[in-house]
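Work through the exercises below with the sequence and the model in view. Each task is followed by its solution.

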Amino acid sequence: MGIVETSGVAFTTFQLSGATYQWWRVYEKGSRADAASLTWTQFTELFLREFIPQNLRDAWHVEFEQLHQGTMTISEYVVCFSDLSRHAPALVSTVRERVRRFIDGLN
């Protein structure tokens with residue numbers, strides 16, 4: 001297990017401020033004391049649902065599905081691929097699928 005899976009929630013929530021901090025405080029107060037800690041995946045899903053509109057997440061998913069290098073440099077394509085792939089985890093659930101999609105998008 002990596003650091004994100006073991007400590008990501010604690011590290012991230014420590015840095016929250018403003019509305020995100022208030023949201024987290026309300027979440028914590030509403031949770032049972034004996035409840036299991038959230039996994040990074042659970043936290044991410046809750047956070048996205050609360051702060052990122054579904055239509056925007058859907059648009060990023062479609063943008064990833066249609067991503068091609070086009071006029072981007074390889075470096076720009078790598079950054080764009082990595083950023084957008086976070087919004088379509090089912091499409092790149094294995095390393096093999098991730099590599100295949102990356103190569104398919106190259107010129």
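**Exercises on fold and charge pairs**

In this predicted model, residues 24 or more positions apart make up 54% of the contacts in the protein with a separation of 6 or more.

**Exercise 1.** State which secondary structure elements the protein has, and compare its radius of gyration with that of a compact globule.

Step 1. The protein has 6 helices and 0 strands. From the N terminus on, the order is α-α-α-α-α-α.

Step 2. For 107 residues, a compact globule would have a radius of gyration near 13 Å, while the protein has 17 Å.

Step 3. Along the principal axes, the C-alpha atoms fill a box of roughly 55 × 30 × 20 Å. Of the 107 residues, 21% count as buried.

**Exercise 2.** Find the salt bridges and show which residues they link.

Step 1. The cut-off is a side-chain nitrogen of Lys or Arg within 4 Å of a carboxyl oxygen of Asp or Glu. By this rule there are 3 salt bridges.

Step 2. R100 pairs with E97, with the closest N and O atoms 2.5 Å apart. R101 also meets E97, at 3.4 Å from N to O. D104 meets R100 at 2.5 Å.

Step 3. Together, E97, R100, R101 and D104 form a network of salt bridges.

How values were computed. Residues are numbered from 1 along each chain as its sequence is written. This is a predicted model: local features need pLDDT of at least 70, side-chain atom pairs count only at pLDDT 80 or more; totals for chains, interfaces and linings use all residues. Side-chain values use heavy atoms; hydrogens and water are left out. Helices (H or I, at least four residues) and strands (E, at least two) are DSSP runs, numbered from the N terminus. The radius of gyration is taken over C-alpha atoms; the globule rule is 2.2 Å times the number of residues to the power 0.38. Buried means under 20% relative accessible area, exposed over 50%, partly exposed in between (1.4 Å probe, protein chains only). Contact means heavy atoms within 4.5 Å.
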